[in-house]
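Trainee: Could you walk me through reading aromatic contacts, helix packing and pockets in a model?
Mentor: Gladly; let's look at it together.

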Amino acid sequence: MSGPSKKVVDVAFKASRTIDWDGMAKLLVSDEARKEFATLRRAFNEVNSQLETKFSQEPEPIDWEYYRKGIGSRLVDMYKQAYESIEIPKFEDKVTPEYKPKFDQLSVELKEAEQQSLKESERLEKEIAEVQELKTKLGTMTAEEYFEKHPELKKKFDDEIRNDNWGY
């Protein structure tokens, strides 16, 4: 195989090895998303197998002698000359260089957003744990115990009392 078809097959093969289908499937939460993901994966595999089979094979050489016997050498020679003069242009990828920097920038932004999301998730998990702890202890907790955990509220209340500001 040579030329653009080999490049397409090579790129598709490399892409199929680097995709973490199982990892992506674990992130899906709805049944609709799982169905769409399965459809995407099936379509990707079909296209990939077509690329591997159709475009990875060299065409069979033409048996010019067979045609010379049945048609005549003059006509076959004319077709052979025309066939051999055909030049298939090489594929030049002009799109990838244009979009690669944008894709790389989006990848960086994605990683930053992922880190922020993980930090926010961690913060929210801690907050949920604190609220659940407060919920269980609320019936037996004294004001002093509450103010130990929230000194800013104690300061606010002390300032209001000191300034004779009772909120009405």
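Mentor: Start with the aromatic cluster made up of Trp-21, Phe-37 and Phe-44. Keep in mind that this is a predicted model, in which local features need pLDDT of at least 70, side-chain atom pairs count only at pLDDT 80 or more, and totals for chains, interfaces and linings use all residues. Residues are numbered from 1 along each chain as its sequence is written, and side-chain values use heavy atoms, leaving out hydrogens and water.

Trainee: How many aromatic pairs does the structure hold?
Mentor: A pair of aromatic rings is described by the distance of the centres and the angle of the planes. Rings of Phe, Tyr and Trp (its six-membered ring) pair if their centres lie within 6.5 Å; planes under 30 degrees apart count as stacked, over 60 as edge-to-face and the rest as tilted. The structure holds six such pairs. One of them, Trp-21 with Phe-44, is tilted, at 5.4 Å centre to centre and 55° between the planes. This pair links distant parts of the chain, 23 residues apart: Trp-21 sits in helix 2 (residues 21-26) and Phe-44 in helix 3 (residues 31-54). Helices here are DSSP runs (H or I, at least four residues), numbered from the N terminus.

Trainee: Is Trp-21 buried or exposed?
Mentor: Buried means under 20% relative accessible area, exposed over 50%, and partly exposed in between (1.4 Å probe, protein chains only). Trp-21 has 9%, so Trp-21 is buried, whereas Phe-44, at 23%, is partly exposed.

Trainee: Which residues of helix 4 meet helix 5?
Mentor: Contact means heavy atoms within 4.5 Å. From helix 4, Trp-64, Tyr-67, Arg-68 and Ile-71 take part, and their partners in helix 5 include Leu-75, Val-76 and Tyr-79. The contact residues divide into seven nonpolar, one polar and three charged. For these classes, Ala, Val, Leu, Ile, Met, Phe, Trp, Tyr, Cys and Pro count as nonpolar, Asp, Glu, Lys and Arg as charged, and the others, Gly among them, as polar.

Trainee: What lines the second largest pocket?
Mentor: On a 1 Å grid over the protein atoms alone, a pocket is an open set of points where a 1.4 Å probe fits, with protein on both sides within 12 Å along at least five of seven lines; lining residues have an atom within 4 Å of a point. Here the lining includes Glu-130, Leu-134, Met-141 and Tyr-146. Helix 6 gives the largest share, five residues. By class, the lining has four nonpolar, one polar and four charged residues.

Conventions
Helix = DSSP H or I, 4+ residues; strand = E, 2+ residues; numbered from the N terminus.
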